[in-house]
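Subject: Structure for your review

Dear colleague,

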Amino acid sequence: MKRRSHLKFLIAATAGLCVHGAVLAQERASKEEAIAMAKAAVAHAAKHGKDKAMADFNDPASAEWHKKDLYVFAVTMAGDVLAHGINGKLIGKNVIDTKDPGGKLMIQEFRDIATKGGGWVDYDWPHPQTKKVEAKTSYVIRFSNIDAFVGVGVYR
């Protein structure tokens with residue numbers, strides 16, 4: 001009888017892990033969703049102004065700016081964080097010299113790409129749900145009314 005209940009436990013635990021993995025897979029966003037959110041963030045800042053937009057991007061309860069594993073980050077061209085959807089402790093800090101685990105100066109590259117009209121930057125970063133370092137790519141674009149850029153990334 002003990003063996004049978006042990007087997008039921010293992011089956012239930014395995015099923016739980018499979019469901020958990022499926023949920024994580026479903027929570028991963030697409031590149032198209034990242035582009036759409038970044039462009040919506042630029043439009044939101046143009047319509048509502050810098051202060052309101054940054055407060056909205058920083059609000060973890062805002063479903064508009066926190067979807068699946070997507071969130072908005074906004075950084076001035078000098079490297080000061082204006083908004084970070086999952087790490088409010090970064091707001092106000094200068095991150096221009098931040099490197100990914102492989103040594104890439106990603107914030108500087110974000111700025112450079114945003115200055116050229118926007119696009120994708122590849123780097124490695126901890127996934128907010130799994131906490132494991134994974135390959136990531138962020139779409140960055142410059143704000144029209146703020147001397148800053150916005151980014152939204154997806155894990156590859």
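In what follows, a residue is called buried under 20% relative accessible area, exposed over 50%, and partly exposed in between, with a 1.4 Å probe and protein chains only. The model is predicted, and local features need pLDDT of at least 70, side-chain atom pairs count only at pLDDT 80 or more, and totals for chains, interfaces and linings use all residues. Residues are numbered from 1 along each chain as its sequence is written, and side-chain values use heavy atoms, with hydrogens and water left out.

Overall arrangement

The protein chain has four helices and seven strands; helices (H or I, at least four residues) and strands (E, at least two) are DSSP runs, numbered from the N terminus. Along the sequence they follow the pattern α-α-α-β-β-β-β-α-β-β-β. Of the 156 residues, 38% count as buried. Taking a contact as heavy atoms within 4.5 Å, 51% of the contacts between residues at least 6 apart in sequence join residues at least 24 apart.

Aromatic pairs

Rings of Phe, Tyr and Trp (its six-membered ring) pair if their centres lie within 6.5 Å; planes under 30 degrees apart count as stacked, over 60 as edge-to-face and the rest as tilted. By this rule there are six aromatic pairs. One of them is edge-to-face, because the rings of Phe110 and Phe149 have centres 6.2 Å apart and planes at 70°. Phe110 belongs to helix H4 (residues 106–115) and Phe149 to strand S7 (residues 148–155), so this pair ties together parts that are 39 residues apart in sequence. Phe110 is buried, with a relative accessible area of 2%, and Phe149 is buried at 0%. Both rings belong to one aromatic cluster formed by Phe73, Phe110, Tyr123, Trp125 and Phe149.

Helix H2

Helix H2 (residues 31–48) has 18 residues. The buried residues of H2 are Ala34, Met37, Ala38, Ala41, Val42, His44 and Ala45. Seen down the axis, these fall within an arc of 160°, so they line one face of the helix; the arc is that of the directions from the helix axis to the C-beta atoms. What covers them includes helix H3 (50–58), strands S1 (66–67) and S2 (70–71), and S5, S6 and S7. On the other side of H2, Glu32 and Lys47 are exposed. Ala36, also in H2, is partly exposed at 45%. Just after the helix, Gly49 takes a positive phi of about 90°.

Two strands pair if DSSP finds at least two bridges between them. Strand S5 (residues 119–126) and strand S6 (residues 133–142) run antiparallel and are joined by eight bridges. Trp125, a member of the aromatic cluster, has Glu134 of S6 as its bridge partner. The two strands form a hairpin with six residues between them.

Positive phi values

Most residues other than glycine have a negative phi. Lys131, in the loop between S5 and S6, has a positive phi near 70° and is exposed, with a relative accessible area of 61%. Lys68, in the loop between S1 and S2, has a positive phi near 50° and is partly exposed at 46%.

Definitions and conventions:
The expected span of a helix is 1.5 Å times one less than its number of residues.
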